[in-house]
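Please go through the structure below with the text beside it. The paragraphs start with the whole chain and then turn to single elements.

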Amino acid sequence: MADPASLAQRAGELSHNANALAEKLNELSQQLALAAHPPAPIATSPFVFELTVFVLAVFVGYYVVWRVTPALHSPLMSVTNAVSSVIIVGSLIAAGPLGISFAKIMGFIAVTLAAVNIFGGFIVTQRMLEMFHRKR
């Protein structure tokens with residue numbers, strides 16, 4: 001039979017291990033509770049989000065266009081006019097609902113400006129291509 005001192009020491013070690021396991025279990029339960037019910041994200045206004053995207057698009061567009069060599073600028077712009085046709089589809093959807101609203105007015109303005117951009121771009125492209133024709 002083991003002596004009482006070693007049994008007491010062993011019981012103290014087991015008690016210490018049980019206490020450490022209980023603390024770990026408590027930490028895990030808190031982590032599980034956070035995972036099951038995460039804190040709500042910080043609410044931001046849709047306007048602030050959309051304004052941020054717009055400002056970033058302006059900067060990206062500025063740096064992309066100004067770094068294009070002059071020889072590639074006209075062909076790039078003629079391809080960009082094709083992108084404007086996609087803008088017309090979106091603006092027609094915005095201008096489509098019945099009644100007068102801010103979205104409908106902005107959709108009409110977008111259709112008008114995109115149409116001017118497309119037709120003006122094709123005119124510029126046509127002039128650019130005429131420069132390469134040989135004179136007869």
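In the protein, residues 24 or more positions apart account for 50% of the contacts with a separation of 6 or more. The model is a predicted one. Its secondary structure consists of four helices and zero strands, so that the order from the N terminus reads α-α-α-α.

Confidence comes next. The mean pLDDT of the protein is 78, and 87% of its residues reach 70 or more. Among the elements, H2 has the highest mean pLDDT, at 86, whereas H3 has the lowest, at 72.

Of the 136 residues in the protein, 10% are buried. The accessible surface amounts to about 11900 Å², and carbon and sulfur atoms contribute 73% of that surface.

Helix H2 covers residues 46-66. With its 21 residues, H2 reaches 30 Å from the first C-alpha to the last, close to the 30 Å expected at 1.5 Å a residue. At the start of H2, the backbone nitrogen of Phe-47 has a side-chain oxygen of Ser-45 within 3.2 Å.

The structure also holds one aromatic pair. The ring centres of Tyr-62 and Tyr-63 are 5.2 Å apart and the planes stand at 80°, which makes the pair edge-to-face, because an angle over 60 degrees falls in that class. Tyr-62 is partly exposed, with a relative accessibility of 45%. Tyr-63, at 44%, also counts as partly exposed.

Helix H3 spans residues 70-95 and includes Leu-92. The relative accessible area of Leu-92 is 49%, so this residue is partly exposed; the class of exposed residues begins over 50%.

Gly-107 leads on to helix H4, where it is one of the buried residues. H4 takes in residues 102-131, 30 residues in total. From its first C-alpha to its last, H4 reaches 43 Å, close to the 44 Å expected at 1.5 Å a residue. The buried residues of H4 are Gly-107, Val-111, Ala-114, Ile-118, Gly-121, Thr-125 and Met-128. An α-helix has 3.6 residues a turn, so residues three or four places apart point the same way. The list of buried positions in H4, from Gly-107 to Met-128, can be read with that rule in mind.

Conventions:
Residues are numbered from 1 along each chain as its sequence is written. Side-chain values use heavy atoms; hydrogens and water are left out. Rings of Phe, Tyr and Trp (its six-membered ring) pair if their centres lie within 6.5 Å; planes under 30 degrees apart count as stacked, over 60 as edge-to-face and the rest as tilted. Buried means under 20% relative accessible area, exposed over 50%, partly exposed in between (1.4 Å probe, protein chains only). Helices (H or I, at least four residues) and strands (E, at least two) are DSSP runs, numbered from the N terminus. The expected span of a helix is 1.5 Å times one less than its number of residues. Contact means heavy atoms within 4.5 Å. Accessible areas come from the Shrake-Rupley method with a 1.4 Å probe; for residues, only the protein chains shown count as cover. A polar contact is a pair of N or O atoms within 3.5 Å; within protein, one must be able to donate a hydrogen and the other to accept it, and residues adjacent in sequence count only if both atoms are side-chain atoms. pLDDT is the predictor's confidence in each residue, from 0 to 100.
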